[in-house]
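Please look over the structure below, and then follow the short report on two of its regions.

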Amino acid sequence: MGFWQTTKRTMFRWKLIPPHRWRKPAIVLVAAIVGLGIYVLKLSNAASYLSDDPQACVNCHLMTPQYITWTHSSHREVAHCNDCHVPHDNVFNKYFFKAKDGLYHASIFTLRKEPEVIRALAPSQAVIQSNCIRCHQDQITDAKMTATITNHQEMRTDRTCWECHRDVPHGKVKSLSSVGYQIEPIKEYAPKDLEVIPAWLKSSMQQQIDQHESNE
């Protein structure tokens with residue numbers, strides 16, 4: 001008995017193949033579900049969430065203020081979103097946490113239940129605190145700092161880091177009205193010929209460069 005016959009018999013035994021009269025509607029239904037699933041994955045740019053690209057976080061426009069403030073912070077060159085917001089003890093825990101967090105965020109956004117002020121929940125706070133310590137281990141154990149700040153030991157064990165360092169890395173104000181428009185194009189959606197610098201400014205800059213070179 002061939003592989004296909006064995007598979008077919010097994011599917012009939014477990015009633016995975018519908019009766020003949022329902023077979024065409026079932027095929028149409030399964031095809032519709034698969035097609036809609038692929039469309040949703042494409043529309044949501046789901047593959048980007050498997051990467052460490054910070055721009056994946058602004059697929060949802062709610063994260064725009066957080067993204068913009070991070071791009072203007074001291075952390076931009078040394079840490080991206082996943083460095084702070086997902087676990088790094090092992091790769092399985094990392095992607096499990098991303099999947100769990102992503103499902104929650106997608107559900108809240110789809111249902112339009114997002115809060116006016118976005119705050120990290122307790123599991124996320126624990127991850128962020130752990131990553132602060134992971135990256136800044138040398139600083140928090142510096143003997144000179146312990147001598148300078150007498151209560152630093154208590155602060156770093158009894159409180160979260162951002163209770164003192166509250167402006168890192170997102171700044172004091174994180175609203176859309178305060179950070180202005182997104183002047184850094186999102187690569188996934190920006191047209192390939194999009195220019196951030198206006199044409200008149202580029203022309204003026206080029207004139208200045210040409211004039212400077214001619215003077216030399």
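## An aromatic pair in a helix

Tyr67 and Trp70 are 3 residues apart in helix α3 (residues 64–71), so about one helical turn separates them; helices here are DSSP runs of H or I with at least four residues, numbered from the N terminus. This is a predicted model, in which local features need pLDDT of at least 70 and side-chain atom pairs count only at pLDDT 80 or more, while totals for chains, interfaces and linings use all residues. Residues are numbered from 1 along each chain as its sequence is written, and side-chain values use heavy atoms, with hydrogens and water left out.

Rings of Phe, Tyr and Trp (its six-membered ring) pair if their centres lie within 6.5 Å, and planes under 30 degrees apart count as stacked, over 60 as edge-to-face and the rest as tilted. By this rule the count comes to 1 aromatic pair. Tyr67 and Trp70 form that tilted pair, with 5.9 Å from centre to centre and 40° between the planes. Tyr67 counts as buried because its relative accessibility is 6%, and Trp70 is buried as well, at a relative accessible area of 9%; buried means under 20% relative accessible area, exposed over 50% and partly exposed in between (1.4 Å probe, protein chains only).

## The faces of helix α5

In α5, the buried residues are Lys94, Phe97, Lys98 and Asp101. Seen down the axis of α5, its buried residues fall within an arc of 100°, so they line one face of the helix, the arc being that of the directions from the helix axis to the C-beta atoms. On the other side of α5, Phe92, Phe96, Leu103 and Thr110 are exposed.

Technical notes. Helix = DSSP H or I, 4+ residues; strand = E, 2+ residues; numbered from the N terminus.
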